[in-house]
Amino acid sequence: MEMKDKIEQVKARFQEEMQSICGTEELEKIRVAYLGKKGLITDLMKNLKDLNADAKREAGQQINQLKQQVSEFIAAKSSELEAALAQARLQQDTRYDISLPAKPVTGTLHPITIVQRELEDIFRSMGFAVEDFKEVVTEYDNFEAVNIPKYHPARDMQDTYYLDNGQVLKTHTSAAQNTILRKYGAPCRAIFPGRCFRNEAIDASHENTFFQMEGIMVGEDISISNLIYFMKTMLSEVFQKDITVRLRPGFFPFVEPGFELDIQCHVCGGTGCPTCKQGGWIELCPCGMIHPNVLTMAGIDSEKYTGFAFGLGLTRLAMMKFGIRDIRVFNSGNLKSLEQFTIQ
Ligand code: DAH
């Protein structure tokens with residue numbers, strides 16, 4: 001028989017045998033029968049030596065082509081069989097049924113977590129990164145890096161818990177400013193919620209352990225109007241209505257100028273009610289333009305870049321949002337009280 005016919009014969013036989021394949025073991029047998037050391041295609045190759053140069057080239061090409069077709073076919077069949085096998089295994093597996101509805105989650109989120117997550121979503125949608133930070137920090141991060149040098153009277157404003165190793169429990173989320181400004185450089189926008197601690201006597205409106213959420217935005221033309229825009233947008237989302245804000249001067253060593261941001265009372269709309277103590281305005285969030293020293297200490301060129309920062313009292317915001325009158329409920333561990341403040 002001519003070489004060409006032999007090749008055709010092998011090809012036809014392969015095609016026929018492949019039609020009835022239904023398992024991976026069978027497929028492997030066929031692979032060996034054709035491509036193995038003693039396989040049919042290997043045999044064809046061996047026969048080449050009896051041909052003259054021209055015939056050898058031609059037949060060689062045909063055999064190689066066949067070999068490639070066979071290999072590709074086997075590979076495709078193999079993935080097909082494996083996929084079918086995996087599917088079958090899934091169907092037999094009775095441990096998991098992914099089509100069943102999930103079991104209801106027991107427990108509820110803490111009201112502060114609810115507000116924190118809501119704010120994170122809002123700021124993320126405005127392009128802010130969300131960062132976490134330690135609770136035990138160096139004095140440098142808590143004070144020096146935010147322009148509160150040693151012996152500065154502002155240190156007394158924050159009753160700090162000092163640890164034996166010289167570090168402190170962070171008194172404000174501003175303690176993360178330096179690290180985060182260094183991490184991102186300029187331009188950047190980030191928020192960093194966190195737990196803060198101050199050595200204070202506890203009563204209905206004071207806690208020694210509370211949450212803040214700091215935000216920073218740095219860029220080439222950042223101004224107070226950017227600050228107002230972001231705060232207004234964020235607060236309107238939180239309270240689900242248009243919120244009017246105003247700025248009053250305020251002093252914080254790490255901002256210049258510094259402000260207290262007030263919102264027009266979301267309950268009475270500014271006419272005066274118990275929530276705003278009849279004043280029509282509620283003090284909500286200290287903020288300001290980041291002091292050039294703070295930028296410089298974080299390695300940012302303060303000639304070229306400016307930025308704003310704010311330190312939102314998360315605990316306070318949660319109290320306002322849920323109408324909680326006594327701050328002590330947050331750390332009480334009293335589930336009966338805490339479970340009321342959920343949004344499902
Ligand atoms: N760190 C301040 C505090 O806890 C709050 C604060 C004020 C943060 C002004 C800021 C800011 O970022 O700009 O008392």
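Colleague: Why is Glu283 called partly exposed?

Modeller: Glu283 has a relative accessible area of 42%. Buried means under 20% and exposed over 50%, with partly exposed in between (1.4 Å probe, protein chains only), so at 42% Glu283 counts as partly exposed. Bear in mind that this is a predicted model, where local features need pLDDT of at least 70 and side-chain atom pairs count only at pLDDT 80 or more, while totals for chains, interfaces and linings use all residues. Side-chain values use heavy atoms, leaving out hydrogens and water, and residues are numbered from 1 along each chain as its sequence is written.

Colleague: What makes Arg248 and Glu283 a salt bridge?

Modeller: Their side chains meet at 3.2 Å, N to O. The term asks for a side-chain nitrogen of Lys or Arg within 4 Å of a carboxyl oxygen of Asp or Glu, so this pair qualifies. Arg248 sits in strand S6 (residues 245-249) and Glu283 in strand S8 (residues 281-290), 35 residues apart; strands are DSSP runs of E, at least two residues, and helices are runs of H or I, at least four, numbered from the N terminus. Through shared partners, salt bridges join Arg246, Arg248, Asp262 and Glu283 into one network.

Colleague: And why is Arg248 partly exposed?

Modeller: Its relative accessible area is 28%, so Arg248 falls in the in-between class.

Colleague: How do you know that Lys321 and Glu118 meet in a salt bridge?

Modeller: The N to O value is 3.3 Å, so the pair passes the cut-off. Lys321 lies in helix H11 (residues 314-322) and Glu118 in helix H5 (residues 111-125), so parts 203 residues apart in sequence are tied together.
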